[in-house]
Amino acid sequence: MEIESENKVKGNNAERKFKQWLDKHDIPYWYIQQDIDTFSLSLKRYFGSKRPDFMILLPNLGFIFVDVKFKKLSQKYKKFPIDAEETQSYSNLQRNFNLQVWYVLSNEDYDYNTWFWIPISRVLEIGKIEKFVSNKSEMEFFAIPSSEFIQISSDDSLDRLFSKVFLKK
């Protein structure tokens, strides 16, 4: 299996596991189909062909968009690599339409029992300082320390996320 195809399978698996977590905690959501014809041509200007995977509905608050990623933590640097171009596209979507967009990461090393949450705005703040170019793909990535993420276990609900976001000192 070639690398791109293997990564797509891993990404789909992460999305499936995240969907199971949402269902387990009775969290309302819309799964956003990734077909190219599922959104308008004019919307492509704001974030290209990529789009978030989920719209999580928050009673009495609204919603957030979530892009679920299969990502491995660099053992050497203890940081997650986040695609800089994609993050900038999501930032455009966020700024132009006043929408909240978050990344949620996990992988089989955590058995998809730990989810790492971070808002796009925080990725951009850290990314100004910590970025690198991949030797393999020549793409630019932000190096985000694991300590910057809000960790949610499979037994936690969104209450933990909100308590970390709203009560953060």
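Which residue takes a positive phi in the hairpin of β2 and β3? The views below start with that hairpin.

**View 1. Asn60 and the hairpin of β2 and β3.** This is a predicted model, in which local features need pLDDT of at least 70 and side-chain atom pairs count only at pLDDT 80 or more, while totals for chains, interfaces and linings use all residues. Residues are numbered from 1 along each chain as its sequence is written, and side-chain values use heavy atoms, with hydrogens and water left out. Asn60 is the residue with a positive phi, near 70 degrees, and three residues lie between the two strands. Asn60 is not a glycine. Its relative accessible area is 83%, so Asn60 is exposed (exposed means over 50% relative accessible area, buried under 20% and partly exposed in between, with a 1.4 Å probe and protein chains only). Strands (E, at least two residues) and helices (H or I, at least four) are DSSP runs numbered from the N terminus.

**View 2. Strand β3 and its partners β2 and β5.** Strands pair if DSSP finds at least two bridges between them. β2 (residues 54-58) runs antiparallel to β3, with five bridges, and Phe54 has Val66 as its bridge partner in β3. β5 (residues 101-106) runs parallel to β3, with six bridges. Seven of the nine residues of β3 are buried.

**View 3. Lys69 in strand β3.** Lys69 counts as buried because its relative accessibility is 14%. Lys69 stands opposite Leu105 in β5. Apart from neighbours within four places in sequence, Lys69 is in contact (heavy atoms within 4.5 Å) with Ala14, Lys50, Glu86, Tyr103, Val104, Leu105 and Ser106.

**View 4. The largest nonpolar core, around Ile82, Tyr103 and Ile144.** A nonpolar core is a set of buried Ala, Val, Leu, Ile, Met, Phe, Trp, Tyr and Cys residues joined through side-chain atoms within 4.5 Å. The largest has 22 residues, and Ile82, Tyr103 and Ile144 have the most contacts inside it. Two or more residues each come from β4 (79-83), α3 (84-97), β5, β6, α4 (120-127) and β8 (140-145). α4 gives the largest share, four residues. Beyond its neighbours within four places in sequence, Ile82 is in contact with residues including Thr87, Leu105, Val123 and Phe142. A second, separate core has 21 residues, among them Phe18, Trp21, Leu58 and Trp117.

**View 5. The second largest pocket, with Gln100, Trp102, Pro119, Val165 and Phe166 nearest its centre.** On a 1 Å grid over the protein atoms alone, a pocket is an open set of points where a 1.4 Å probe fits, with protein on both sides within 12 Å along at least five of seven lines; lining residues have an atom within 4 Å of a point. The second largest pocket holds about 340 Å³ of space, the volume being that filled by probe spheres set on the points, which are joined across faces, edges and corners. Its lining has 19 residues: 13 nonpolar, two polar and four charged. Here Ala, Val, Leu, Ile, Met, Phe, Trp, Tyr, Cys and Pro count as nonpolar, Asp, Glu, Lys and Arg as charged, and the others, Gly among them, as polar. β3 (62-70), β6 (114-119) and α5 (158-166) each supply at least two lining residues, and α5 gives the most, with five.

**View 6. Glu138 in the loop between β7 (131-133) and β8.** Glu138 has a positive phi near 65 degrees. Its relative accessibility is 67%, so Glu138 counts as exposed.
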